[in-house]
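The entries are in the order in which I went through them.

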Amino acid sequence: MNERLYIFDTTLRDGEQVPGCQLNTIEKIQVAKQLEQLGVDVIEAGFPISSPGDYNSVIEISKAVTWPTICALTRAVEKDIDVAAESLQYAKHKRIHTGIGTSDSHIRFKFNSNREEIIERAVRAVKHAKRYVEDVEFYAEDAGRTDNEYLARVIEAAIKAGATVVNIPDTTGYCLPNEYGAKIKYLMEHVDSIDKAIISTHCHNDLGMATANTLEGVLNGARQVEVTINGIGERAGNTSLEEIAMILKCHKHLGIDSNINTTKISPVSRLVSSLMNMPVQANKAIVGRNAFAHSSGIHQDGVLKNVETYEIINPKDVGVEDNNIILTARSGRAALKYRLLANSVACSEENLDVIYQRFLELADKKKEVTDADILMLAGTNVSDD
Ligand code: KIV
Ligand code: ZN
């Protein structure tokens, strides 16, 4: 029996913090409903103390969505927790996500405090949240740069205070995958009460390692991942949901499943990109415009013989109709013939050679040769009639 990985989506909280990506309540509800369709387990709907708009969005999302748990973020501050609890009043399943910075730099520069006092504040916050909800997630901000021995003490105290999920954020995207994996392993082995909580990963992408770090966390025992659609989030972003979901699907031997309906990935990616006015880079894994595009002659020839040669994902599995054979100066005869046939133009090998020579001349002058271009090339002087 495969193990279950819980998907915690923070597109509407960590993702929405990005400059220019702010959404209004109606837009947030639209995204939340699609996340529900996608099958996420937890929707982090906002940081209610931060603004009346965010507070209101958590209220409205709680009413609009039934299946996933709705989560609200707080600092380890009683007032934050009171407001978060109030904003979750209509949620069918609710969680408060509270926490505090635990790295030496956060303790010293943000809180002007010391390690023992931080543990006391963490415990107070979890206990306070527990007065309102059963499901309390504790985050140790900047856990990625927190030494493991102290982190284990913080996490032990948070679980004893009632935390049901413990989040180990690599807030600055600093960790190497093996370091982050070792951190999760250390917690699994050194926190006595770890079997009473789920470990969650929350990785940022400052060095492009968010997905690799998340995966290492999972391989070492984390059973919840915090992710966003298209990997949006503070600075260089967060781990992207679609990458983790497809890694699990492509690597079944890992024995870990999520509840994600991957065929909904592409529509939700497009919705988030358009509402947030945040284009997805063309070569972004899974959801980029070129994720299923083949443009070099060698690859096109292989794919046209059998897609397995260069595709590890069936585009339909992520809600994309088909792959894409793009014509450029690097394309070969096989791709040209394929596109001509797709446009109902059949020609002999001889004529194909003639059209191909014309095609190459044009392709050297253009970034991409369109269907209209090849119809023009085929139609002008060449005819198989
Ligand atoms: O990156 C981070 O540490 C966070 C926490 C608030 C969970 O987003
Ligand atoms: Zn974050």
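My notes on these topics follow.

**Ground rules.** I am working with a predicted model, in which local features need pLDDT of at least 70 and side-chain atom pairs count only at pLDDT 80 or more, while totals for chains, interfaces and linings use all residues. Residues are numbered from 1 along each chain as its sequence is written, and chains are lettered from A and ligands numbered from 1 in the order in which they are written.

Over residues 5-266 the chain is 44% helix and 18% strand, with the end C-alpha atoms 21 Å apart. Helices (H or I, at least four residues) and strands (E, at least two) are DSSP runs, numbered from the N terminus.

**Barrel.** I followed 8 strands that close into a barrel with parallel pairing, in the order E2-E3-E4-E5-E6-E7-E8-E9; two strands pair if DSSP finds at least two bridges between them. Neighbouring strands of this sheet are turned against each other by 25° on average, direction ignored. Strand E3 (residues 42-46) and strand E4 (residues 69-73) run parallel and are joined by 4 bridges, and Ile43 has Ile70 in E4 as its bridge partner. I also noted that helix H8 (residues 177-190) lies across strand E7 (165-170) and strand E8 (198-203), at about 155° to E7; axes here are lines fitted to C-alpha atoms, for helices over the stretch in contact, and angles run from 0 to 180 degrees between N-to-C directions.

**Cores.** A nonpolar core is a set of buried Ala, Val, Leu, Ile, Met, Phe, Trp, Tyr and Cys residues joined through C-beta atoms within 7 Å. The largest has 87 residues, of which Ile43, Ile155 and Val166 touch the most other members, and helix H7 (residues 148-161) gives the most to this core, with 6 residues. A second, separate core of 11 residues includes Ala335, Leu352, Val369 and Ile374.

Which residues does UniProt list for "binding site"? The unreviewed entry gives Asp14, His202, His204 and Asn238, which are spread over 225 residues of sequence but cluster in space, with a largest C-alpha distance of 10.3 Å. I placed Asp14 in helix H1 (residues 11-15), and Asn238 in the loop between strand E9 (224-227) and helix H10 (241-250).

Is Asp14 buried or exposed? Asp14 is buried, because 23 other C-beta atoms lie within 10 Å; the cut-off is 20 or more for buried and 12 or fewer for exposed, with partly exposed in between, and C-beta atoms are placed from the backbone. Asn238 also counts as buried, since it has 31 C-beta neighbours inside 10 Å. Leaving aside neighbours within four places in sequence, Asp14 is in contact (C-beta atoms within 7 Å) with Thr228, Gly233, Glu234 and Asn238.

**Helix pair.** Helix H13 (residues 333-342) and helix H14 (residues 349-363) pack at about 105°, with their axes 10 Å apart. H13 is therefore roughly perpendicular to H14, a class that covers 65 to 115 degrees, whereas angles under 35 degrees count as roughly parallel, over 145 as roughly antiparallel and the rest as oblique. Arg333, Leu336 and Lys337 of H13 make the contact with Leu352, Ile355, Tyr356 and Phe359 of H14.

Terms used:
Contact = placed C-beta atoms within 7 Å. UniProt positions renumbered as here; feature names shortened; annotations may be inferred.
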